[in-house]
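I opened a new page for this structure.

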Amino acid sequence: MVRVPEPLTRLYPANLSRLFTSRLRSPQLTSRLGRILGIAVAVCFLTGYISHAIQHPPAWFYWPSRPVNLYRVTQGLHVATGLAIVPLLAAKLWSVYPKLFRWPPFRDPVHAVERLSLFVLVAAALFQVTTGILNIALWYSPMSFFFTTAHYWTAWILIGALAIHIGVKLPIIRRALRAPDRPTPQTTGMSRRGLLTTVGAAIGLITVATIGQTLRPLAGLSLLGPRDPRVGPQGLPVNKSAASAGVTAAATDPGYRLEVVGPARTLRLSLAELGALAQHTAQLPITCVEGWSATATWSGVRIRDLAAAVGGTEAASVRVTSLEQNSLYRVSTLAPPHAADPLTLLALRVAGQPLDLDHGYPCRLIAPNRPGVLQTKWVARIEVLQP
C-alpha cells in the first residue's frame, strides 16, 4: 500500500475546509452580502433585458422616445451594476468557499439540487462578468462566440440558478437576516466592518474609474474606461470607422443618392438636395451598449418629414439601411414613437460641421432614447412601413 505524504493529505476534500478558519465567516455575513449581490444582479438583469428588447423587440414590447436620456440611464446602470458585481461576487465567494470542499459533496436529493444550482450560478456569474468586461473593452478576440447572444441566454441561466439557490436557502437566509448582530470576532486580521468597507470602497473605486466614459468632468479619472467622451473626430468617440466598415468609397462617391421609399412614391436625393430641405437641430446623446455615451448637437432633416414626402403617416415604422454590407446592425427599424418624434433626424451635420466620415458621412440616423448600434451610419435607404 502506498502511503500519501502528510502534506498532500491536506488536499483531501474532507480536510480542505478545515484550512479556512476565518472567524469573520458566518451565515449572517453571507446573507447580507447575498442580499446586496442579489439586488445588483436583479438590476443588471432587468436593464440588460431592456437593452436586448430594444434591439430585438418582442411583439408586446414598447419603448418610448422620451425622455431622451432614459436609455443612457438604464444602460449606465447595467454597466455600473455589472462592474459592482465583481467585488461583491468575490466577497460572497470568499464567505462560503470552504463549504465547497466539504465531503461528501451532497447528503440528499435536495442538497444535490442546491449544490448543482450553486455550481451553475457561480459559473454563469463568472461568465457574465468576464464577457461583460471584455465587451466594455471592445476586446472580442478571446470570445469565439457572438457576445450578444451568449450574454443574453447566460443571463437567463444565471437568474434561473439564482432563483433555485434562493429557494433552497431561504430558511437559512431569513433566519440569518433576522438574527441580532453578532459581536465582532476578536481577530488579528481584518474586522467584519473592515471587510464590508473594503468591498464598498472597491465598488466606489471601480465606479469612479469608469463613469468618466459618460460624465466629461470625470473623464480624466476614467482609468478603467476604454473610451474618453472628449476624444474622437469632432470631439466624439467612434466605435467603428468607415475604413473598418468598408464604406469609404461608397460614402464619398459624388454620385451618392439617398433612396426614400414610401407607399406613394420613391425619391432619390443627392446630398445637396437633402441640404436644401428644411433643417432642424437636436441635442442628443450617442449611448453605446459598452457603457460610454456623449452628447452632441446634430442638424439635418426630420425623418417624419422624409416619410411624409413619400406618403407615410405618423403611424408608420421606418426601416433604415446602411451602405455597410457585412454587419448584423446594417438595418435598424424605427418604431412609430421614434419615427414620428420631431427630434429624430437624418443628420447631415454635427456641431455645425458636415459629418466626419467616421461619424456617418454623408448622413446618419440620430434618434432619442436608442442604443448607439441602432443609430445607423452611412445611410443608403429609408423605407416607410405602413401598418
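How many aromatic pairs does the count come to? I note that the model is a predicted one. With ring centres required to lie within 6.5 Å, I get a count of nine aromatic pairs.

I looked up W60 and F61 as one example. Their ring centres are 5.8 Å apart and their planes stand at 75 degrees, so I list the pair as edge-to-face; the cut-off for that class is over 60 degrees. Then I checked accessibility for both residues. W60 has 62% relative accessibility and is exposed, because the class begins over 50%. F61 has 17% and is buried, since buried means under 20%.

Next I turned to Y152 and W156. This aromatic pair is edge-to-face, with 6.4 Å from centre to centre and 80 degrees between the planes. I find both residues in helix α6, which spans residues 147–178. Y152 and W156 are four residues apart there, about one turn of the helix. Y152 is buried, at a relative accessible area of 17%, whereas W156 is partly exposed, at 37%.

Which residues form one aromatic cluster? I wrote down F45, Y49, W60, F61, W63, Y152, W153 and W156. Both pairs above have their residues in this list.

Last entry: helix packing. I looked up helix α5, residues 109–136, against α6. The two axes come within 8 Å and cross at roughly 145 degrees. The crossing of α5 past α6 is left-handed. Sorted by class, I have 17 nonpolar, eight polar and two charged residues in the contact of α5 with α6.

Technical notes
Residues numbered from 1 in each chain as written. Predicted model: local features only at pLDDT ≥ 70, side-chain atom pairs only at ≥ 80, totals over all residues. Heavy atoms only, no water. Phe/Tyr/Trp six-rings, centres within 6.5 Å; stacked < 30°, edge-to-face > 60°. Buried < 20%, exposed > 50% of the residue type's maximum accessible area, 1.4 Å probe, protein only. Helix = DSSP H or I, 4+ residues; strand = E, 2+ residues; numbered from the N terminus. Axes fitted to C-alpha atoms, helices over the stretch in contact; angles between N-to-C directions. Left-handed = near helix turned anticlockwise from the far one by under 90°. Nonpolar A, V, L, I, M, F, W, Y, C, P; charged D, E, K, R; others polar.
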